[in-house]
Amino acid sequence: MFSYCTDLSALQGLGWLSCYLTTGNHMLFYASFATVLLILAIVAPVALLFGFLGAMASRSRIAGVRWIGRIYTSMVRGVPDIIFFLFRAHRTGPGIRMDALARALRPLGAGAAGQ
């Protein structure tokens, strides 16, 4: 926080914005954003490495390595479906009924493909 932020009545123009954006909550948000980018920089190459290793293992000439590679590939491909089915109700939130939502969106053409 800046020294001029101690007397808020003296702030003129957009000076209050610099005081607002340097509060403790905002600084924690900036730090969390940097943490997410750091984790992304570490995890993305590791995930690519695992994907390449799984793909190479599934094409191996050695039967045991090929089976492990195919099992790993099947598990990784199946996880998004599992997550979708487990958390579908959670994403819609409490109080939102899917049938009511479908009826509300039907005039917009959202339900036309299912009929």
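Colleague: What is the mean pLDDT of the protein?

Modeller: The mean pLDDT (the predictor's confidence in each residue, from 0 to 100) is 79, and 69% of the residues reach 70 or more. This is a predicted model, where local features need pLDDT of at least 70, side-chain atom pairs count only at 80 or more, and totals for chains, interfaces and linings use all residues. Residues are numbered from 1 along each chain as its sequence is written, and side-chain values use heavy atoms, without hydrogens and water.

Colleague: Where is confidence lowest, and where highest?

Modeller: Confidence is lowest in helix α4 (residues 98-105), with a mean of 64, and highest in α2, at 92. Helices are DSSP runs of H or I with at least four residues, numbered from the N terminus. Where pLDDT is low, the predicted coordinates should not be read in detail.

Colleague: Changing topic, is Leu14 buried or exposed?

Modeller: Leu14 has a relative accessible area of 64%, so it is exposed (over 50%; buried is under 20%, partly exposed in between; 1.4 Å probe, protein chains only). Leu14 lies in the segment before α1.

Colleague: And Tyr30? Which class does its relative accessible area give?

Modeller: Tyr30 is partly exposed, at 36%.

Colleague: How many aromatic pairs does a search of the whole structure find?

Modeller: The search finds one aromatic pair (ring centres within 6.5 Å; planes under 30 degrees apart are stacked, over 60 edge-to-face, the rest tilted; Phe, Tyr and the six-membered ring of Trp). The ring centres of Phe29 and Tyr30 are 6.0 Å apart and their planes are at 65°, so the pair is edge-to-face.

Definitions and conventions
Helices (H or I, at least four residues) and strands (E, at least two) are DSSP runs, numbered from the N terminus.
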